[in-house]
Amino acid sequence: MSEQKSFYVTTPIYYVNDAPHIGHAYTTIAGDVLTRWHRQRGESVWYLTGTDEHGQKVLNTATANNADPLSWCDRLVNDAWKPLWQQLNIANDDFIRTTEARHESRVQKFLTELKDAGYIYAGKFEGPYCVGCEEFKLPADLIEGKCKIHSKPVEILSEDNWFFKLSAFREQLLEHYRKNPNACQPESARNEVVSFLEGEVRDLSISRSTLSWGIPVPWDTKQVIYVWFDALLNYATAVGLGESKDFSKKWPADIHLVGKDILRFHAVIWPAMLMAAKLPVPNQVFAHGWLLVAGEKMSKSKLTGIAPSEITNHFGVDAFRYYFLRAIPFGSDGSFSWEDMSARYTSELANDFGNLASRTIAMLEKYFDGKIPEVANEPKLSGALQSTVKAADLAISSLDFQGAILQILEFCKLVNGYVTEKEPWKLAKQSDAVNKKELSDVLYNTAEALRALAVLFNSVMPQTCQKLWRALGVEKTLGKLADQRISNVAKWGQIPAGTATSKIEILFPKIEAEE
Ligand code: MSP
């Protein structure tokens, strides 16, 4: 067992007030791609996702559905959330639910420690609260008494609560972001956080007395812990906060992926909580943009949520995984459109990638009886591959998924151009030795390029790349696809001559147009 610290990636834990939509899938897929890529770098990676089950929003939905909150959560977790992650091939290592005993006990212990350290005090909260955000709001957060995000009226709370001395960490947080520009990304997110911290930072109410669906405050059991205080701790409780000696093998988290609407919780409150407990803060919080419908954040509450199955039933899981990371710069908002998805599916996936695979495997079958010919090299291709791998790896390091995919696509286009230029089908018609050698070289090089493409696209489209890997017949000699290292992929000439290829099903079948 290695003692190396894992590269630790998290998604937000999702509210189980409803079934997932493609906005939720977007973050989880991004985390999965990052996880798989880092695993292919040879790193030990820990990927966590889960569900946020306490709070008023979940309670209200359960009540409206005549269910007790826990049975409601059980039902949604088991019938909707977990099956979706399975269907989308999410390779998470753990799934935390905030109603689990391991979480609840560790949260209570953490809070008690903060109180003992003098960071928790009794006070009165008076002001607006948005149940949709589960957030105490400031007047500036509202438009005509409504939450800016949910466009719904807020509640006015007046409660005796426990408070966390958030204000005490303002300077330390500012210092942290000044010293570590990478700790909050992209740039726009960091600027937002810094300018928030430069303003007035108020202490935070961290309990609710008018709600019972939550973790009891250990020393005042009439109150429950504020759902965000409870939820943020999932990242640490899931890896053994305060109890497991292995905690430091995972903590601090390397990347918290979050949507931009929940940036402040992650980049202000969460590190302050950790600072109060004298624990290391996460290495990076990355805020991605929203999927929009009609210019607004897609959401179930606004009835604009698109279920992932609406897309996967049509285009398949891998094209779904591919599309959003390819089409929208991570960090920016983007709209989903069937036309754009359809166009990219056809041109980039079916034509550029899928056809290259089908025709190469078919030509190997036809001209070489399904055996990889003699090892060859083509400096233009192998050189381009080296720079592709370097650039894609660099792009992933800065969570530029679109950039990484574009690099790989470019390489794919280059290989297509090579095949078109060499016209192997014409070479095959000539019987002289020179043309035969050329045909052999062209097909060897194309097969090698496909090997590299399978490795490079594997984190985004694992099922498709596995089909290609199998068709190339390389598992026995080169090992499992998931074990192929990014650092080794550009080494040309890896497929041994004589390797038996096999039939490949169409990777991206033609899609019949529908109304
Ligand atoms: N439970 C909190 C998170 C607690 S993390 C300690 C929460 N849950 S949520 O279910 O409402 O949202 C979870 C994530 O989904 C957020 O990052 C949010 O930005 C993201 N998305 C919800 N709708 C989205 C889009 N339309 N587009 C992209 N992401 C979206 O907040």
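**Close-up views of a predicted model**

View 1. Strands S10 and S16 run parallel and are joined by two bridges, where strands are DSSP runs of E with at least two residues and helices are DSSP runs of H or I with at least four residues, both numbered from the N terminus, and where two strands pair if DSSP finds at least two bridges between them. The model is a predicted one, in which local features need pLDDT of at least 70 and side-chain atom pairs count only at pLDDT 80 or more, whereas totals for chains, interfaces and linings use all residues. Residues are numbered from 1 along each chain as its sequence is written, and side-chain values use heavy atoms, with hydrogens and water left out.

View 2. Gln-185 is found in strand S10 and counts as buried at 15% relative accessibility. A polar atom of the Gln-185 side chain lies 2.9 Å from the backbone oxygen of Pro-181; such a polar contact is a pair of N or O atoms within 3.5 Å, and within protein one must be able to donate a hydrogen and the other to accept it, while residues adjacent in sequence count only if both atoms are side-chain atoms. Leaving aside residues up to four places away in sequence, Gln-185 touches Gln-284, Val-285, Phe-286 and Ala-287, a contact meaning heavy atoms within 4.5 Å. The peptide bond from Gln-185 to Pro-186 is cis, with omega near -5 degrees, and Pro-186 is found in the loop between strand S10 (184–185) and helix H6 (187–198).

**View 3. The surroundings of the ligand.** The ligand is surrounded by 24 residues, of which the closest are Ile-13, Asp-52, Gly-259, Asp-261 and Leu-291; a residue is near a molecule or strand if one of its heavy atoms lies within 4 Å of it. A polar side-chain atom of Asp-52 lies 2.7 Å from a nitrogen atom of the ligand. An N or O atom in the side chain of Asp-261 is 2.6 Å from an oxygen atom of the ligand, and a backbone N or O atom of Gly-259 lies 2.8 Å from an oxygen atom of the ligand.

**View 4. Helix H14 and what covers it.** Helix H14 (residues 379–397) has 19 residues and reaches 27 Å from its first C-alpha to its last, close to the 27 Å expected at 1.5 Å a residue, the expected span being 1.5 Å times one less than the number of residues. Leu-381, Ser-382, Leu-385, Thr-388, Val-389, Ala-392, Ala-395 and Ile-396 of H14 are buried. What covers the buried residues includes helix H1 (22–40), helix H15 (401–422) and helix H17 (433–457). Just after H14, Leu-399 takes a positive phi of about 60 degrees.

**View 5. Two loop residues with positive phi.** Glu-134, although not a glycine, has a positive phi of about 50 degrees and is placed in the loop between strand S5 (120–130) and strand S6 (135–136), where Glu-134 counts as buried at 1% relative accessibility. Lys-278, also not a glycine, has a positive phi of about 60 degrees and is placed in the loop between helix H10 (263–276) and strand S16 (285–288); Lys-278 is exposed, with a relative accessible area of 70%.

Methods. Buried means under 20% relative accessible area, exposed over 50%, partly exposed in between (1.4 Å probe, protein chains only).
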